[in-house]
Amino acid sequence: MESLQHRTEENSTTVKYGDKARNPFKPTAAFIGASWLALLTGMVGYCIGLWNASIALNEKGYYFTILLFGLFAVISVQKSVRDRAEGLPVTDLYYGLSWFATIAAMILLTIGLWNAGLARSEKGFYAMAFCLSLFSAIAVQKNTRDAKMFEDKEL
């Protein structure tokens with residue numbers, strides 16, 4: 001499998017907008033901003049929901065820990081998948097553990113919400129805020145890595 005960086009250098013087309021040239025693989029400021037906004041919206045909304053929830057403190061801690069665990073897991077999956085796509089070595093153990101942790105976080109949240117004494121609307125809110133946070137964390141990690149790749153090339 002050829003690396004993404006190798007393909008980008010040889011086959012990338014530079015798109016010109018007036019006097020400015022832009023590589024189409026470089027993330028735009030709008031996409032970077034939207035990704036960060038989605039991540040903050042999901043995380044802050046989830047945390048505000050926990051703060052205002054009428055559940056025990058240990059339950060709040062459980063849901064908060066699941067959010068942090070899920071965010072770390074999806075970033076780890078994104079990194080290991082991207083490393084493999086670029087031809088960087090990633091052990092099968094780390095790759096498998098990353099996927100296991102991601103799936104475990106989702107299952108733990110599902111089981112917790114299924115058995116929680118919350119209204120269905122609250123359960124849906126937590127599930128959607130969790131999904132938004134995980135998806136946007138992947139996008140932020142991708143943008144950070146892409147921007148770093150282009151930053152290194154310009155030096």
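Start with the protein chain as a whole: its accessible surface comes to about 9,900 Å², and 68% of that belongs to carbon and sulfur atoms. Accessible areas come from the Shrake-Rupley method with a 1.4 Å probe, and for residues only the protein chains shown count as cover. The model is predicted, so local features need pLDDT of at least 70 and side-chain atom pairs count only at pLDDT 80 or more, while totals for chains, interfaces and linings use all residues. Residues are numbered from 1 along each chain as its sequence is written, and side-chain values use heavy atoms, with hydrogens and water left out.

**Stop 1: the whole chain**

Colour the chain by secondary structure. There are 5 helices and 2 strands, and along the sequence they follow the pattern α-β-β-α-α-α-α. Helices (H or I, at least four residues) and strands (E, at least two) are DSSP runs, numbered from the N terminus. Of the 155 residues, 35% count as buried. Buried means under 20% relative accessible area, exposed means over 50%, and partly exposed lies in between (1.4 Å probe, protein chains only). Among contacts between residues at least 6 apart in sequence, 68% join residues at least 24 apart; a contact means heavy atoms within 4.5 Å.

**Stop 2: helices H2 and H3**

Select residues 29-52, which are helix H2. How far apart are the end C-alpha atoms of H2? They are 34 Å apart, which agrees with the 34 Å that its 24 residues should span at 1.5 Å a residue. The expected span is 1.5 Å times one less than the number of residues. Now show the buried residues of H2: Ser35, Leu39, Gly42, Gly45, Tyr46, Gly49 and Leu50.

Move on to helix H3, residues 57-85. H3 has 29 residues and reaches 42 Å from its first C-alpha to its last, close to the 42 Å expected. Glycine 87 follows H3 and has a positive phi, near 85 degrees.

**Stop 3: the nonpolar core**

Select Tyr46, Tyr63, Leu109, Tyr126 and Phe130. Of the 21 residues in the largest nonpolar core, these touch the most other members. Such a core is a set of buried Ala, Val, Leu, Ile, Met, Phe, Trp, Tyr and Cys residues joined through side-chain atoms within 4.5 Å. H2, H3, H4 and helix H5 (120-154) each supply at least two residues of this core, and H5 gives the largest share, 6 residues. In soluble globular proteins, nonpolar side chains tend to be buried together.

Centre the view on tyrosine 126. Leaving out residues up to four places away in sequence, tyrosine 126 touches Tyr46, Gly49, Leu50, Ala53, Leu109, Leu113 and Leu118.

Next, pick serine 136, also to be found in helix H5. Is serine 136 buried or exposed? Serine 136 counts as buried because its relative accessibility is 2%. With residues up to four places away in sequence not counted, serine 136 touches Ser35, Ala38 and Leu39.

**Stop 4: salt bridges**

The whole structure has 7 salt bridges. A salt bridge is a side-chain nitrogen of Lys or Arg within 4 Å of a carboxyl oxygen of Asp or Glu. Side chains of opposite charge can pair when their charged atoms come close.

Select lysine 79 and aspartate 83. They form a salt bridge, with the closest N and O atoms 2.7 Å apart. Both lie in helix H3, 4 residues apart, about one turn of the helix. Lysine 79 is partly exposed, with a relative accessible area of 37%, whereas aspartate 83 is buried, at 8%.

Then select arginine 82 and aspartate 146, whose side chains meet in a salt bridge (2.3 Å, N to O). This pair links distant parts of the chain, arginine 82 being in helix H3 and aspartate 146 in helix H5, 64 residues apart. Both residues are buried.

To see a network of salt bridges, show Lys79, Arg82, Asp83, Glu86, Lys142, Arg145 and Asp146 together.

Another pair to select is aspartate 92 and arginine 84, which form a salt bridge with the closest N and O atoms 2.3 Å apart. Aspartate 92 is exposed, with a relative accessible area of 59%, and arginine 84 is partly exposed, with 29%.

**Stop 5: a nonpolar patch on the surface**

Finish by selecting Val81, Trp99, Ile103, Ile107 and Ile111. They form a nonpolar patch on the surface, with about 430 Å² of accessible area together. Patches are made of residues with over 30% relative accessible area and no salt bridge; like charges are joined within 9 Å, and nonpolar side chains (Val, Leu, Ile, Met, Phe, Trp, Tyr) within 5 Å. Helix H4 (residues 92-115) gives the most to this patch, with 4 residues. Isoleucine 103 is in helix H4 and counts as partly exposed, at 43% relative accessibility.
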